[in-house]
Amino acid sequence: MVSLTDFQRIGVGLVGFGLFFVLFGMLLYFDSVLLAFGNILFLSGLVFIIGFRRTFTFFFQRPKLKGTSFFMGGVLIVLMRWPLLGMLLEAYGFITLFRSFPQHPAPRRDMGAPGWRAGPEQASCPAAPGRVPATPIPAKSWHGA
């Protein structure tokens with residue numbers, strides 16, 4: 001279990017309330033006050049969780065400046081009461097910021113259907129794509145006879 005300091009617990013609460021207000025503001029047809037309040041709570045909660053210096057270095061890394069500018073510009077536009085445009089800019093900035101996070105360690109092509117092993121060459125299904133059975137399967141075996 002991860003142990004959190006008091007500041008990090010406060011930050012988790014702020015981030016949670018921020019996400020709640022953002023979602024509630026979107027539910028209420030992009031209410032600019034709720035969206036702005038949610039954005040402020042979310043960003044302040046992020047600062048409480050990882051610290052001011054880490055937050056600053058995360059947002060202002062050279063490869064992430066485009067995403068940061070769109071995200072912060074979207075927050076600013078929401079604060080200026082243009083909620084729809086601001087949320088679109090924030091969404092694009094958020095996607096651009098977090099695009100570089102590491103993905104799942106297993107490559108996607110190795111993830112098969114349930115019951116399959118690593119790849120089609122090791123599949124338990126005789127009719128797997130890309131695999132030709134060595135001997136033809138009699139039709140009777142498919143019908144249980």
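These questions and answers go through a predicted model of a protein, from its overall fold to single residues. Residues are numbered from 1 along each chain as its sequence is written, and side-chain values use heavy atoms, with hydrogens and water left out. In this predicted model, local features need pLDDT of at least 70 and side-chain atom pairs count only at pLDDT 80 or more, while totals for chains, interfaces and linings use all residues.

User: What pattern does the secondary structure follow along the sequence?
Analyst: Helices (H or I, at least four residues) and strands (E, at least two) are DSSP runs, numbered from the N terminus. The protein has six helices and zero strands. Read along the sequence, the pattern is α-α-α-α-α-α.

User: What percentage of the residues of the protein count as buried?
Analyst: Buried means under 20% relative accessible area, exposed over 50%, and partly exposed in between (1.4 Å probe, protein chains only). The protein exposes about 10,800 Å², with carbon and sulfur atoms supplying 70% of that area; accessible areas come from the Shrake-Rupley method with a 1.4 Å probe, and for residues only the protein chains shown count as cover. Of the 145 residues, the share that counts as buried is 26%.

User: Of the contacts with a separation of 6 or more, what percentage comes from residues 24 or more positions apart?
Analyst: Contact means heavy atoms within 4.5 Å. Among contacts in the protein with a separation of 6 or more, residues 24 or more positions apart account for 47%.

User: How far apart are the end C-alpha atoms of residues 68-95, which UniProt lists under "transmembrane region"?
Analyst: The unreviewed UniProt entry lists residues 12-30, 36-56 and 68-95 under that name; the positions are given in the numbering used here, feature names are shortened, and annotations may be inferred rather than shown by experiment. Residues 36-56 are 95% helix and 0% strand, with end C-alpha atoms 20 Å apart. Residues 68-95 are 89% helix and 0% strand, and the end C-alpha atoms of that span are separated by 10 Å.

User: At what angle do helices α2 and α3 pack?
Analyst: Axes are lines fitted to C-alpha atoms, for helices over the stretch in contact, and angles run from 0 to 180 degrees between N-to-C directions. The axes of α2 (residues 32-50) and α3 (residues 52-59) are 6 Å apart, and the packing angle is about 115°.

User: How many nonpolar residues are in the contact of α2 with α3?
Analyst: Helix α2 contributes Leu43, Leu46, Val47 and Ile50, and helix α3 contributes Phe52, Arg54, Thr55 and Phe59. Ala, Val, Leu, Ile, Met, Phe, Trp, Tyr, Cys and Pro count as nonpolar, Asp, Glu, Lys and Arg as charged, and the others, Gly among them, as polar. By class there are one charged residue, one polar residue and, for the nonpolar class, six.

User: Which residue forms a salt bridge with Asp6?
Analyst: Side chains of opposite charge can pair when their charged atoms come close. A salt bridge is a side-chain nitrogen of Lys or Arg within 4 Å of a carboxyl oxygen of Asp or Glu, and the count by this rule is one. With the closest N and O atoms 3.4 Å apart, the partner is Arg9.

User: Is Gly45 buried or exposed, and which residues does Gly45 touch?
Analyst: Gly45 is found in helix α2 and has a relative accessible area of 0%, so it is buried. The C-alpha atoms of Gly45 and Arg9, 36 residues apart in sequence, are 9.3 Å apart in space. Not counting residues up to four places away in sequence, Gly45 touches Gly11, Leu14 and Val15.

User: Which residues is Ser32 in contact with, leaving aside its neighbours within four places in sequence?
Analyst: Ser32 is found in helix α2 and counts as buried because its relative accessibility is 10%. Its contacts beyond those neighbours are Val78, Arg81 and Pro83.

User: What is the phi of Arg81?
Analyst: Arg81 lies in the loop between α4 (65-79) and α5 (83-97). At 57% relative accessibility, Arg81 counts as exposed. Arg81 is a residue other than glycine, yet its phi is positive, near 70°.
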